[in-house]
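User: Hello! I am new to this structure and would like a friendly tour of it. Could you take me through a few questions and answers?

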Amino acid sequence: MNIQDYKGVFVFAQQVDNVLSGIALELVGKGKDLAKDLNTEVTAVLVGSDVKGLADELAEYGADKVIVVDDPELKEYRTEPYAHALSSVIDEFKPEIFLVGATAIGRDLGPRVSARIHTGLTADCTQLDIGDFPINPVPGKEQLHNQLLMTRPAFGGNTIATIACPDFRPQMATVRPGVMQKAPKEAGKKAVVVEFNPGFTPNDKYVEILEVVKAVSDVADIMDAKILVSGGRGVGSPENFKILEDLAEVLGGTVSCSRAVVDAGWKPKDLQVGQTGKTVRPNVYFAIGISGAIQHVAGMEEADVIIAINKDETAPIFEVADYGIVGDLNKIVPALTEKLKAELAAK
Amino acid sequence: MKIVVCVKQVPDTKGGVKFNPDGTLDRGAMLTIMNPDDKAGLEAALRLKDQYGAEVTVVTMGLPKAEEVLREAMAMGADKGILVTDRVLGGADTWATSQTLAGAIRNLEYDLIITGRQAIDGDTAQVGPQISEHLGIPVISYAQKIQIEGDSVIVERQYDDRYHVLKAKMPCLITALAELNEPRYMTPGGIFDAYNAEITVWGRANLVDVDDSNLGLKGSPTQIAKASDKVRKGAGEKVTLDPTESVDYIVDKLKAKHVI
C-alpha cells in the first residue's frame with residue numbers, strides 16, 4: 001500500500017427508502033471540515049437503487065463530489081452487496097479517510113468493508129480531528145502529520161480514547177449520529193456526480209429478504225427535538241407518562257426515556273436515550289425520575305441545559321444536571337405544566 | 001448441526017477501569033464477567049441445541065484466566081470449550097482479534113457461528129462481522145430471533161425503525177443482541193461437570209491461514225494515541241424545595257435561558 005496514493009475525504013451517504021438519513025448530512029458537514037484542514041475535497045458515496053436524485057441535496061449541504069452506485073440489488077440494505085459497493089469504490093478512488101455512520105446499518109457495513117480491504121476501523125467516534133501521531137514527539141519514532149485522530153468513548157462512557165491508523169488507508173471511522181453538525185444549506189449548489197457500478201452478481205454471501213416489517217411509529221425523532229422531557233423508572237407506570245407528555249406539549253417538546261423504561265415495555269425503543277439508544281443534544285433536557293446511569297448520561301450530557309427532578313438526592317443524574325431539584329415528580333411536574341401554561345398565555 | 005459460539009471475558013464496568021502505561025487495558029486488575037451479548041448468543045445456541053440437536057463449541061480469546069467463561073458456558077450446557085491464548089496475540093485491535101478467531105475457527109466444523117453484537121468494554125460491534133468476512137460466509141448482525149429451516153437460517157434483523165426477516169444459507173455468522181433472550185442459569189450438575197471438563201488450549205501455532213503480520217499489537221492497524229478517564233462537566237446547582245418553590249425555580253431558569 002502506498003499511502004501517498006490515497007487522497008480525499010469520503011463519507012457514506014446512508015439512505016433508507018430513498019430518503020437521506022440525518023447522519024449522511026452530518027458526515028458531509030464533518031467531512032467538509034476535515035477536507036479543509038487537509039486542503040482536499042469531500043465526496044459523498046451514495047449507494048442504492050434509483051438514488052441519483054439525492055445527489056443535489058448532498059451538494060447543498062457541502063459535498064464537492066457525489067459517487068453514485070446504483071443497482072437494483074441495492075434497493076434494501078443488505079450486507080454483501082453494500083460491502084461490495086463500498087470496497088469497490090475504495091479500490092477505485094483511494095480515499096485517505098472514509099466515514100460511515102454508527103447506525104444499525106453502518107455498524108454492520110463498516111467492519112465488513114474494513115476487513116475486506118484490510119484497514120483499521122474505529123467505532124462510534126464522537127470527535128474527529130486532523131493532527132500528529134504520536135500526539136507528542138517520541139524519541140526514535142517518526143511523528144506523522146495530517147493523521148485522522150478518532151476519539152471515542154469506551155467502557156460505557158467511563159473512558160475516552162483517541163485512536164490513529166497510521167499505516168493503512170483509508171483511515172476508517174464510524175461516527176455516532178447526532179454528534180456532528182451538518183453545514184448550513186446552500187440552495188442550488190451543485191456537485192460533480194460520478195456514476196460507478198462494479199457489477200453485482202448474487203452469491204452465497206447474499207442473504208434473501210423474506211419480509212420488511214416497519215415499526216408503526218408516528219412519534220417525532222427525539223434526535224431532532226429542541227426540548228426533551230425524558231422519563232425513567234421513577235415515573236412509576238406507563239400511564240403516568242401522561243404528566244410528561246403534558247409538559248412536553250406546553251413547551252413544544254418531545255417525550256423520551258431511559259433504557260429501564262424500554263426494558264419494562266412502557267415505551268418503544270426509538271424513544272430511548274443513551275449508550276444503547278440515541279445520542280441527543282437538545283436545548284433543554286428534563287431528566288425526570290431518571291437515576292442517571294453512566295450509559296444514559298453518555299447519550300444526553302451534550303444537552304445545553306439539563307434539568308433533573310428526582311426524589312433521591314444521591315442520584316448520579318445530579319452530577320451532570322445544571323439544575324437539580326430533589327423532590328416528588330408527581331407533584332412538581334403537573335404544577336410546572338400549569339404554571340408554564342399560565343406564563344405562556346400571559347405573553 | 002454444529003454451532004460455534006464466540007464469547008469474551010470482559011471487565012465488569014461497575015468495578016472501575018485500569019490502564020497499562022501504554023494505554024491498553026490492564027485486564028488482569030479488574031473483576032470479570034461473560035459479556036452479556038455473548039451470553040445471549042450462547043443461550044440462542046443452546047436453545048437451537050434443545051430444539052434441533054446440536055453440538056455447541058465455545059471459543060474465547062484472552063488471558064489464561066478467560067478459561068473461567070468457558071467453564072461457565074459448559075455449566076450452562078455447551079459441549080466443548082476452546083481457549084485461544086498466547087503472548088503474541090496480546091494488544092490486538094478488532095482486525096487482529098477477528099483474524100485470530102477466524103484462524104482458530106478454521107480448525108472446526110460449523111454450520112452456524114454466533115457472536116454477541118458487541119462487548120461492553122470496547123462497544124465496537126466489529127469482531128463478528130470481521131470474522132465472517134475472513135471466513136467468506138454471510139453475516140446477519142443484530143439478531144432478535146433465530147430459526148432453522150433445512151440448510152438455511154431465518155433471522156429477524158433489527159434496524160432503527162424496522163426489522164428484516166432474512167434467510168441465509170448455512171454456514172453463516174449471526175451476531176446476537178442481549179435482548180434476544182434471557183440466558184439460563186448454570187445447573188449444579190453442570191457446574192460440577194464443567195469444573196472437571198477438559199478445556200482445549202490453543203496458541204499461535206494452532207491458528208490456520210493467518211499471517212504473523214495480522215496478529216497482536218503489531219498486527220493491529222489502529223493504534224491508541226491517548227486514553228484517559230472521561231472528563232465531565234461538573235455538577236450544577238442542586239436544590240431541595242417544596243413543589244411550588246420548585247416550579248418557580250424551574251420557570252425562572254427557563255426564562256433566564258430564554259426557553260420561554
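This is a predicted model: local features need pLDDT of at least 70, side-chain atom pairs count only at pLDDT 80 or more; totals for chains, interfaces and linings use all residues.

User: What confidence values does the predictor give for the complex and for chain B?

Analyst: For the complex, the predictor gives an ipTM of 0.87 and a pTM of 0.84. In chain B, 93% of the residues reach a pLDDT of 70 or more, and the mean pLDDT is 91.

User: Is helix α2 of chain B largely enclosed or open, and which elements do its buried residues pack against?

Analyst: Helix α2 of chain B covers residues 67-76, and eight of its 10 residues are buried, so this helix is largely enclosed by the rest of the structure. The buried residues are B:Val69, B:Leu70, B:Arg71, B:Glu72, B:Ala73, B:Met74, B:Ala75 and B:Met76. Just after the helix, B:Gly77 takes a positive phi of about 135 degrees. As for the packing partners of the buried residues, they are β2 (9-11), β3 (32-34), α1 (36-52), β4 (55-61), β5 (80-84) and α5 (188-196) of chain B.

User: How do helices α3 and α4 of chain A pack, and what is the handedness of the crossing?

Analyst: Helix α3 (residues 79-93) and helix α4 (residues 106-117) of chain A have axes 9 Å apart, at an angle of about 50 degrees. That angle makes α3(A) oblique to α4(A). The way α3(A) passes α4(A) is right-handed.

User: Which residues meet there, and what classes do they belong to?

Analyst: From α3(A) come A:Thr79, A:Tyr82, A:Ala83, A:Leu86, A:Ser87 and A:Ile90, which meet A:Asp108, A:Leu109, A:Arg112, A:Val113, A:Arg116 and A:Ile117 of α4(A). By class, this contact has seven nonpolar, two polar and three charged residues.

User: Where is A:Glu302, and does it count as buried, exposed or partly exposed?

Analyst: A:Glu302 sits in the loop between α7 (294-297) and β17 (305-310) of chain A. Its C-alpha atom is separated by 8.7 Å from that of A:Val179, 123 residues apart along the chain. Because A:Glu302 has 16 C-beta neighbours inside 10 Å, it counts as partly exposed.

Key: Residues are numbered from 1 along each chain as its sequence is written. Chains are lettered from A and ligands numbered from 1 in the order in which they are written. Axes are lines fitted to C-alpha atoms, for helices over the stretch in contact, and angles run from 0 to 180 degrees between N-to-C directions. Helices (H or I, at least four residues) and strands (E, at least two) are DSSP runs, numbered from the N terminus. Angles under 35 degrees count as roughly parallel, over 145 as roughly antiparallel, 65 to 115 as roughly perpendicular and the rest as oblique. A crossing is left-handed if the near helix is turned anticlockwise from the far one by less than a right angle, and right-handed if clockwise. Two residues are in contact if their C-beta atoms, placed from the backbone, lie within 7 Å. Ala, Val, Leu, Ile, Met, Phe, Trp, Tyr, Cys and Pro count as nonpolar, Asp, Glu, Lys and Arg as charged, and the others, Gly among them, as polar. A residue is buried if 20 or more other C-beta atoms lie within 10 Å of its own, exposed if 12 or fewer, and partly exposed in between; C-beta atoms are placed from the backbone. pLDDT is the predictor's confidence in each residue, from 0 to 100.
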